[in-house]
Every structure is written in structure tokens, then in C-alpha cells.
Amino acid sequence: MALDVLAVAPLYQDPDVNRVRLIAQTTKNSTTPPKPLPPTKTKLTTIETKRIMSVLDETIHKVELVTLLSYVASSSKNSEGMLGEDIMKAVREHQDLCQILLDRVSYLQEEERQLQEEEEFEDEPWFRDRVLSIEVQKSHLPPLMQQIKGSTKNIVRLLLGNPQAASLLQVQTLGRSAEAQSFIDSLVELRGFLFEKLLTSPMEARDKTQFVQDITRRNQRNQEIIDTLENELAACVRNRDAEDEYEELDVIHKEEKLQLEELKRRHDVLVEEFSQIQAEQEINAKKRLEAEQAMVHMVRAAMLIQALWRGYLVRSMLRSKKRKRSKSRVKGKGKGKGKGKK
């Protein structure tokens, strides 16, 4: 039997920013792979990516407002003139709900502690009654927490409906706790990381990853050869004991120098290939973008032509029906006149 631990702050719960890890730290190796290629696009072009960024921007804005509610509650006199009576009323009601929740949690925790001290009486009826009472009171906490969530949403809704009040509240950054500010900074950093990811298409990401892996493998092989040659040279230098030997080492050194120059030449070739591939990727990306834009224009033109053609057909059908009605009316009038003469 254990009581669920609920930690509720007066107006919001501070996040554990120490658990937020947006950037992975990598160890430095002797052979570092080349940096990832920058995205070929600088703006989001699809509706889906724009919606993702819009949702994240809205979330950051709401977090900035919510993390200042404790400041509003602590300085209610100054804040009432800034935010208005409706918002301050909602904040006070929200504060009351949070305080009720904290009191109930504190009471249940105390009851739980006392029961743990009296566990030797767990077979007694009164002990079971107290346990049942605690479980019943615990069942009342989720609805109260739902009310607090609804109250928070209501305050945010009121602030968003009053842009002037939201702007005045947003500039009160000194009233925000250090933990909350760190969390917001992490969200902003996440936004930049996500924006860069959304600019890169899946095909470009695959090509870049494959190219970097190939370059890394080649650099590793070259580094292994260089390390082997350097180790052999160091061993020869340590073990030499005569001058006929110095000449041999000199010859080996020259050969290794030639090999090293060859490796450098190959490295230069790889760098040139890398630049060419990057340029080709940029050209292909531009061509794809132009093709997509041309396709959009063609689709719009086709839709316009279809709309005009449907309008023409509708008008033709209406004219045809009009003519038939007028003919039928003329025939009806003619028959009526004939009957009158008879």
C-alpha cells in the first residue's frame, strides 16, 4: 500500500530541465567526419511543415504565459490594472483550486505516514476503514486535477483573447523562475533543431548520411595506414644502433613520405569529389523545386479550365431547358386559341 506522490506547485509544475537533452555530446576522435551539409532550402514550403512549426511556436508562447502565472498571483494588486478584472478573477480561482489540491495531497501523505507506523494493526477493522477512506479520497484527486487543467486552459484562452494583456505579461521576464526560463530556452533550441530538420528532405538526408559514412570510412582507413606507418617509423628510430641503419631508416622515411603524399593527394581528390557532389545536389534541388512549381501552375490551370468548361455546360443546359419551356408555352397558347374559335 503506497500513496501516489503528487507534487503540485501553486500555479504550475516546474519541469526537470536536467532531463532535457537536445544536443548529444560526442567524443573527439583523431579523425573527425566532415560537418553535415547545410540544407539547400531556407524556407518551409509544405503546409505540413509550416503547421508543425506553427504548433511549436504556439506552444512556446503559451508556456511563456503560463510560467508567469505565479508572478501574477504574488503581485495581484499590480497585475490587476495590467491584466484586467476577468483574468485576475480566473487566476485567483485557479490559485484556490491549486491550494485545495495541495492541502488534500498533504493530508493524504500524512495519513499514509501514520498508517505505515501502525502496520501491526492492519488486521483491525478500524485500520481497514482508514485504508478505504484514503482510497476514496485519492479517487477525488483526478477530477480536481482536471479542474486545474481546465482552469489553466481558461486563463490561457483569456490571455490569448486579450493580446494587449498577454504582451504586457510576456515582458515580465524577471518574474519567471530560473527553471522555467531554462525550459523555455530548451524549447527554443528544440525549435531551431526541428526547423533545420524540416528544411532537409528525406532524400537529401539519406544522401548526406551515406556520403558522410563513405568519407568517414575512407578517412578511417587512411588514418589507420598513417598510424601504422608512423608506428613503424617510431619503432625503427628507437631500435637503430648504427649509422648503416640510419641510411636504411632514411630510405624508409622517404618511402613513407611518398606514401603520405599519395594519401594526401587522394584526400584532396576526395575533397574535390565532395564539393562536386554538393554542387550537384544543390542543382538537383533547384530543378526539383522548379518542377514542383511548374506542376502546381499546370494543376491550377487544369482546374481553371475544368471550372470554365463545367460552367459552360451548365449554362448550355439552362439555355436548352429555357428554349423547351418557351416552345411548350407557345404550343399551349396555340391550342387554346384553336379551341376558342370552335
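Glu110, Arg113 and Glu117 are linked in a network of salt bridges. A salt bridge here is a side-chain nitrogen of Lys or Arg within 4 Å of a carboxyl oxygen of Asp or Glu. This is a predicted model, in which local features need pLDDT of at least 70, side-chain atom pairs count only at pLDDT 80 or more, and totals for chains, interfaces and linings use all residues. Residues are numbered from 1 along each chain as its sequence is written, and side-chain values use heavy atoms, with hydrogens and water left out.

## Salt bridges

A search of the whole structure finds 12 salt bridges. Three of the pairs are listed here.

| Pair | N to O distance | Relative accessible area |
|---|---|---|
| Arg130 and Glu118 | 3.2 Å | Arg130 22%, Glu118 24% |
| Arg218 and Glu273 | 3.5 Å | Arg218 30%, Glu273 35% |
| Arg266 and Glu262 | 3.5 Å | Arg266 45%, Glu262 29% |

Buried means under 20% relative accessible area, exposed means over 50%, and partly exposed is in between (1.4 Å probe, protein chains only). Helices are DSSP runs of H or I with at least four residues, strands are E runs of at least two, and both are numbered from the N terminus.

Where do Arg130 and Glu118 lie? Arg130 is in helix α5 (residues 125-139), and Glu118 is in the loop between α4 and α5, so the pair ties together parts that are 12 residues apart in sequence. Arg130 is partly exposed. Glu118 counts as partly exposed too.

Arg218 belongs to α9 and Glu273 to α10, so their bridge ties together parts that are 55 residues apart in sequence. Arg218 is partly exposed, and so is Glu273.

Arg266 and Glu262 sit within one helix. They are 4 residues apart in α10, which means a separation of about one helical turn. An α-helix has 3.6 residues a turn, so residues three or four places apart point the same way.

## Aromatic pairs

A pair of aromatic rings is described by the distance of the centres and the angle of the planes. Rings of Phe, Tyr and Trp (its six-membered ring) pair if their centres lie within 6.5 Å; planes under 30 degrees apart count as stacked, over 60 as edge-to-face and the rest as tilted. The whole structure holds 4 aromatic pairs.

Is the pair of Phe211 and Phe274 stacked or tilted? The ring centres are 4.6 Å apart and the planes are at 35 degrees, so the pair is tilted. Phe211 lies in helix α9 (residues 202-239) and Phe274 in helix α10 (residues 243-341), so the pair ties together parts that are 63 residues apart in sequence. Phe211 counts as buried, at 13% relative accessibility. Phe274 is buried as well, at 18%.

Trp309 and Tyr312 make another pair. Their ring centres are 5.5 Å apart and their planes at 25 degrees, so this pair is stacked. Both are in helix α10, 3 residues apart, which means about one helical turn between them. Tyr312 is partly exposed, at 42%. Elsewhere, Phe121, Trp126 and Phe127 form one aromatic cluster.

## Nonpolar cores

A nonpolar core is a set of buried Ala, Val, Leu, Ile, Met, Phe, Trp, Tyr and Cys residues joined through side-chain atoms within 4.5 Å. The largest one has 18 residues. Among those with the most contacts inside it are Val72, Leu83, Ile155 and Leu169. Two or more residues come from each of α1, α2, α3, α4 (85-117), α6 and α7. The largest share, 4 residues, comes from α4. Apart from this core lies another, of 12 residues, including Val105, Leu108, Phe127 and Val131.

Contact means heavy atoms within 4.5 Å. Leaving aside its neighbours within four places in sequence, Leu169 is in contact with Leu65, Leu68, Val72, Met82, Leu83 and Leu159.

## Helix α1

The buried residues of α1 include Thr49, Met53, Leu56 and Ile60. What covers the buried residues includes α2 (69-74), α6 (141-161), α7 (163-170) and α8 (178-199).

## Confidence

The pLDDT is the predictor's confidence in each residue, from 0 to 100. The chain has a mean of 78, and 81% of its residues reach 70 or more. Confidence is lowest in helix α3 (residues 76-83), at a mean of 70, and highest in α6, at 89. Over residues 1-34 the pLDDT is below 50. Beyond near neighbours in sequence, this stretch has 54 contacts in the model.
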